[in-house]
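Please consult the sequence and the structure shown below while reading.

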Amino acid sequence: LSSTVFISISVLDVNDNPPTLTQDNYTFFVQEDKMPGWAVGQMIVSDVDTFPNGAPFSFSILSGNADLAFRVVSDGTLYTAARLSTRARSVYYLQVRVGDSGFPPLHTDSWITVKVIEESQFAPTVLPLEVFIIAYQERWPGGEIGHLIASDQDPYDTLVFAMEPSQPGQGQFSVEPRRGVLTAGPMVDAGRYRLNISVSDGKFTTYTTVTVLVLPLWEDMLQHSVSIRLRSMTAHHFV
């Protein structure tokens, strides 16, 4: 006599790999007198072990955090916890430990150098922009339409773009805060739009105007048109 039975075998992951940081050491810059809660920089972590032996990760500052000037959160972002001054201290050397969620937990240590620099001395500059959108039969699918170019003479300033309230219809547009990429929604009607854009370095704010002209394209226009194809160029780089 004989019988058959099916056996299911699950191979479970063993927590045998510590979390890995993209860099052994980090160097960040932060301007003095920033309000507590200012994001200084971020550490990126990975772990080849699978759940539950990898993420979520825990971070702690082991040494160097004089006057508890900094804190680090679960996504690896380092924030200021106090107002900093170059007169009090211009450099911090933080020993940071990141641990995984395995049992027993494994960890990796890294060093972060935080350099406190003088606050911003110059306002950012930003170029005006004019954008043309061709909407086939007045149906625009939405997407990126342009890229704002801004600069700052302060070498370590972080620039942030924002859309300022202005003309009706501006709610159909948005700007990416860090890169200054403009996006139009799918329901933009034909017409001319004036967008007020601000760029700030945390102390100074500069404003510019973006003009967007949405033109309809009809079938009879296509019948008398010429097509040009550009190779090896994305829409983002073209606009």
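Which residue stands opposite Q95 in β8? The residue is S63. The model discussed here is predicted.

## Strand β8 and its partners

Strand β8 comprises residues 91-99. One of its partners is strand β5, which covers residues 58-63. The two strands pair in the antiparallel sense, and five bridges join them. The position of S63 opposite Q95 has already been noted.

Strand β8 also pairs with strand β9, formed by residues 107-117. This pairing is likewise antiparallel and extends over nine bridges. Within it, Y92 has V114 of β9 as its bridge partner. In general, the strands of a sheet are paired through hydrogen bonds of the backbone, in a parallel or an antiparallel manner.

Q95 belongs to strand β8. Is Q95 buried or exposed? Its relative accessibility is 19%, so Q95 counts as buried, the limit for this class being under 20%.

When neighbours within four places in sequence are set aside, the contacts of Q95 are S60, I61, L62, S63, D109, S110 and W111.

## Three salt bridges

How many salt bridges does a search of the whole structure find? The search finds three. In one of them, D109 is joined to R97, and the closest N and O atoms are 2.7 Å apart. Because D109 lies in strand β9 and R97 in strand β8, this pair ties together parts that are 12 residues apart in sequence. D109 has a relative accessible area of 31% and is partly exposed; R97, at 29% relative accessibility, also counts as partly exposed.

Another salt bridge connects K203 with E119, with 3.7 Å between the closest N and O atoms. This pair links distant parts of the chain, 84 residues apart: K203 is in the loop between β17 (191-200) and β18 (205-217), whereas E119 is in the loop between β9 and β10 (125-126). K203 is partly exposed, its relative accessible area being 43%, and E119 counts as partly exposed at 30% relative accessibility. E176 and R179 form a further salt bridge, in which the closest N and O atoms are 3.8 Å apart. E176 is partly exposed, with a relative accessible area of 25%, and R179 is partly exposed, with a value of 46%.

## The loop residue T86

Where does T86 lie? T86 is located in the loop between β7 (77-80) and β8. With a relative accessibility of 24%, T86 counts as partly exposed.

Apart from neighbours within four places in sequence, T86 is in contact with E32, V116, I117 and E118. T86 and E118 are 32 residues apart along the chain, and a distance of 6.9 Å separates their C-alpha atoms.

## An open sheet of three strands

An open sheet is formed by three strands in the order β12-β16-β15, with antiparallel pairing. Its edge strands are β12 (143-147) and β15 (173-175), each of which pairs on one side only. From one strand to the next, the twist averages 30°.

The pairing of β12 with strand β16 (residues 181-184) is antiparallel and has four bridges. Here E144 stands opposite T183 of β16.

Notes: Residues are numbered from 1 along each chain as its sequence is written. This is a predicted model: local features need pLDDT of at least 70, side-chain atom pairs count only at pLDDT 80 or more; totals for chains, interfaces and linings use all residues. Side-chain values use heavy atoms; hydrogens and water are left out. Buried means under 20% relative accessible area, exposed over 50%, partly exposed in between (1.4 Å probe, protein chains only). Contact means heavy atoms within 4.5 Å. Two strands pair if DSSP finds at least two bridges between them. Axes are lines fitted to C-alpha atoms, for helices over the stretch in contact, and angles run from 0 to 180 degrees between N-to-C directions. A salt bridge is a side-chain nitrogen of Lys or Arg within 4 Å of a carboxyl oxygen of Asp or Glu.
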